[in-house]
Amino acid sequence: MSNTPYDYLYPERGHDFSFDWEYTVDERVTQDQAELLRTCEENVREILPLLGVFRDFTCTYVTGLRRGIVGCYVDGTVSHPYIAISRRAIERAAAEYDVDIDVATESTIIHELGHALQEALGIDRESPEAEEQAESLSLFWYNHGIIAPEWANLLALAHGK
Ligand SMILES: [Zn+2]
C-alpha cells in the first residue's frame, strides 16, 4: 500500500454547482462554527493527494437534511466534490458517540468523499456495501492514518499502478 501522492484524475473542477440549487444553506452559522469547518476542511485536504482523484472539495452547512443524516455528497460533482453537512445532526452524532465536534465533522466529510470516490470509480452507490465502504475510508484514516486497504487497491487500479 502506497502513501505516495498520485496525480489527480480530475485536476480541475468540471462543473459550476451551487449549493442553493438543491439545499437550504444554513445562514445561522456563528463565526466559531465557520472557523471550525474551515479547520476541518484543511485537515481533510491532507488525504487528497493520497487519493489522487480530485484536487479539492467544497463543504457547507445546510439545513433540512433528513433527520439523522449528517452529510450528503452532491451527485455529479466528482471533479470537485460538493458536500452538504448538517451542523445540528453532526452535533447530535458527536454527543451520541462521545467524540469531539471536529472529529465528527472531519469523519463526515471523509465519508462523503468516499461516496464521491465511488462515483469516480464507477462503484454502485446504491449497493448494500456502499455505506460501509464509504465509512471504511473515514475509519482507517482516523484509526490508522492510512487509506483503507480496499480503497488503496481500487485507487491503485484506477491509477494504473
Ligand atoms: Zn454515506
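Predicted model: local features only at pLDDT ≥ 70, side-chain atom pairs only at ≥ 80, totals over all residues.

Colleague: Start with α5. How many residues does α5 have, and how far does it reach?

Modeller: Helix α5 covers residues 130–144, which is 15 residues. From first C-alpha to last it reaches 21 Å, close to the 21 Å expected at 1.5 Å a residue.

Colleague: Which residues of α5 are buried?

Modeller: Gln133, Ala134, Leu137, Ser138 and Trp141.

Colleague: And what covers the buried residues of α5?

Modeller: The cover includes α4 (101–120) and α6 (149–158).

Colleague: What comes just after α5?

Modeller: Gly145, with a positive phi of about 70°.

Colleague: Back to α4, then. How do the axes of α3 and α4 cross?

Modeller: At roughly 120°, and they come within 9 Å. Helix α3 spans residues 87–97. The crossing is right-handed.

Colleague: Which residues meet there?

Modeller: From α3, Ile90, Glu91, Ala93 and Ala94; from α4, Ile101, Ala104, Thr105 and Thr108. By class, the α3 contact with α4 has 5 nonpolar, 2 polar and 1 charged residues.

Colleague: Now the sheet. What is the strand order?

Modeller: The order is β1-β2-β4-β3, in an open sheet of 4 strands with mixed pairing.

Colleague: How does β3 pair with β4?

Modeller: They run antiparallel, joined by 3 bridges, and β4 is residues 82–85.

How values were computed: Residues numbered from 1 in each chain as written. Helix = DSSP H or I, 4+ residues; strand = E, 2+ residues; numbered from the N terminus. Expected span 1.5 Å × (residues − 1). Buried ≥ 20, exposed ≤ 12 C-beta atoms within 10 Å, placed from the backbone. Contact = placed C-beta atoms within 7 Å. Axes fitted to C-alpha atoms, helices over the stretch in contact; angles between N-to-C directions. Left-handed = near helix turned anticlockwise from the far one by under 90°. Nonpolar A, V, L, I, M, F, W, Y, C, P; charged D, E, K, R; others polar. Pairing = 2+ DSSP bridges.
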